[in-house]
Amino acid sequence: MSNVNALPLLETDAVAACCPPLNERPLSAEEAEAAARMFKALGDPVRLRLFSAVASHEGGEACVCDISDVGVSQPTVSHHLKKLKEAGLLSSERRGTWVYYRVEPSVVAAMGTLLAGAAKTA
């Protein structure tokens, strides 16, 4: 007898629609808050470097031990990774003593959709 339960698979290709493209209609206050939270998280150079390190890491995920060399202390790296997680840009999983981070593709796709419309009108 097994005590193993199957977990439902998450759809990683679905785009989490936070906001419509910028050229579609004016954003509501809630949509603007959601978009600003994501862009604010990426507005810090250290966070942008960490996000880039995770996004470009082989296999699509990175151990915190592999991306910590961004010129700040380890507690500061942890703080910035936490902010990226809170903004929904990264997810994490603890494996033993290390934490592995991966980019949330649906959130990045939503950010791209938001900006893609503005690029078409320029």
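A: Let us start with helix H1, where Glu31, Ala34, Ala35, Met38, Ala41 and Leu42 are buried, meaning under 20% relative accessible area, while over 50% is exposed and anything in between is partly exposed (1.4 Å probe, protein chains only). The model is predicted, so local features need pLDDT of at least 70 and side-chain atom pairs pLDDT 80 or more, whereas totals for chains, interfaces and linings use all residues. Residues are numbered from 1 along each chain as its sequence is written, and side-chain values use heavy atoms, without hydrogens and water.

Q: Why do residues three or four places apart point the same way in an α-helix?
A: Because an α-helix has 3.6 residues a turn.

Q: How do you know that the length of H1 agrees with what its 14 residues should span?
A: The expected span is 1.5 Å times one less than the number of residues. For H1 that should be 20 Å, and its end C-alpha atoms are 20 Å apart, so the two agree.

Q: What makes leucine 27 partly exposed?
A: Its relative accessibility is 29%, so leucine 27 counts as partly exposed. Leucine 27 is found in the segment before H1. Leaving aside neighbours within four places in sequence, leucine 27 is in contact (heavy atoms within 4.5 Å) with Cys19, Pro20, Leu22, Ala32 and Leu114.

Q: Which residues of H2 are buried, and what shows that they line one face?
A: The buried residues are Val46, Arg47, Leu50, Phe51 and Val54. Down the axis of H2 they fall within an arc of 135 degrees, so they line one face of the helix. The face turned away from that buried side carries the exposed residues Pro45 and Ser56.

Q: What covers the buried residues of H4?
A: In H4 (residues 74-86), the buried residues are Val77, His80, Leu81 and Leu84. Seen down the axis, they fall within an arc of 100 degrees, so they line one face of H4. Their cover includes helices H1 (29-42), H2 (45-56) and H3 (64-67), along with strands S2 (90-95) and S3 (98-103).

Q: Why is leucine 115 called partly exposed?
A: Because leucine 115 has 40% relative accessibility. Leucine 115 lies in helix H5 (residues 105-121), and its C-alpha atom is separated by 6.4 Å from that of leucine 22, 93 residues apart along the chain. Beyond neighbours within four places in sequence, leucine 115 is in contact with Leu22 and Phe39.

Q: What makes arginine 95 count as a charge over the ring of tyrosine 100?
A: A charge sits over a ring if NZ of Lys or CZ of Arg is within 6 Å of the ring centre and within 35 degrees of the ring normal. Arginine 95 lies over the face of tyrosine 100, at 4.3 Å from the ring centre.

Q: How many helices and strands does the chain have?
A: There are five helices and three strands, where helices (H or I, at least four residues) and strands (E, at least two) are DSSP runs numbered from the N terminus. Along the sequence the pattern is α-α-β-α-α-β-β-α.

Technical notes:
The arc is that of the directions from the helix axis to the C-beta atoms.
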